[in-house]
Amino acid sequence: MLVECTGNISELLVADGIRAIGDHVFQDGNLLTQITLPHSVTSIGNHAFAGCKWLKTVRRADRVKSIGVRAFSGCGVLEKVEFGEELREIGVGAFENCTSLLEIFLPEGITEIPERAFFRCHNLREIQLPSTLKHIGKEAFAFCRNLRMPAIPEGASVEERTFYGAGQNGEEEDAVS
C-alpha cells in the first residue's frame, strides 16, 4: 500500500505491485496533473486525491474495486477516470466538486451510488446507471447542470434531492422513470 508521497510531482506512474492507494496520500497535491495506476491497484483510499486542483486524468484504474470517501473531491480540472468492470464501491462524496468531470463509467455490479458522490460535477453530461443499482443517495447528482437525466433501473430507490439542479435547464428534475 502506498501511504505517503512527499513531493510535488506532476505526472506519476505508480509502481507495479502496489495494491492500494492509502488515505490522504496525494491530498492537496499542488502539481499532480496525471496519474497512471498499475493493474495491481484495487483500492483508492479516503481523500487519496482530494484537493488535487490540477489533476486532469487518472489512467488504468481498470482493476480498482473500491473508491474511498471523498477520494477525488475538489479535483476541479479532473475530466476523466478510466475505471473498468471491477468497480463495486464508491465512497460518499467521492467526486464531489469535480466540476470538469465529463464522463464516468459505472459497471454492472455496483449496487449503490452514495450521498453526494457526483455533487456539483457541473460538466458531467451523461451517465449510464447499471441494472444492478439498488440505491442512489441524497444529492448524488445534485447540481450536475449539464447532465442528461439517466434511466433509473427498475426497483432502485432514489433519495430526496438526488438530481436537484441537474439537467440542461439547471432546474430540479423528477428522476422517477
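Visitor: How far is the sulfur of cysteine 52 from the closest cysteine sulfur?
Guide: In this predicted model, local features need pLDDT of at least 70, side-chain atom pairs count only at pLDDT 80 or more, and totals for chains, interfaces and linings use all residues. Residues are numbered from 1 along each chain as its sequence is written, and side-chain values use heavy atoms, with hydrogens and water left out. A disulfide is a pair of cysteine sulfur atoms within 2.5 Å. The closest cysteine sulfur to that of cysteine 52 belongs to cysteine 75, too far for a bond at 5.1 Å.

Visitor: How many disulfides does the rule give?
Guide: The sulfur of cysteine 75 has its closest cysteine sulfur in cysteine 98, and the 5.1 Å between them is too far for a bond. By this rule the count of disulfides is zero.

Visitor: Is cysteine 75 buried or exposed?
Guide: Buried means under 20% relative accessible area, exposed over 50%, and partly exposed in between (1.4 Å probe, protein chains only). Because its relative accessible area is 0%, cysteine 75 is buried.

Visitor: Where does glycine 68 lie?
Guide: Strands are DSSP runs (E, at least two residues), numbered from the N terminus. Glycine 68 counts as buried, at 10% relative accessibility. Its place is the loop between strand E6 (66–67) and strand E7 (80–83).

Visitor: How far apart in space are glycine 68 and aspartate 23?
Guide: In sequence, glycine 68 and aspartate 23 are 45 residues apart. From C-alpha to C-alpha, their separation in space is 8.0 Å.

Technical notes
Helices (H or I, at least four residues) and strands (E, at least two) are DSSP runs, numbered from the N terminus.
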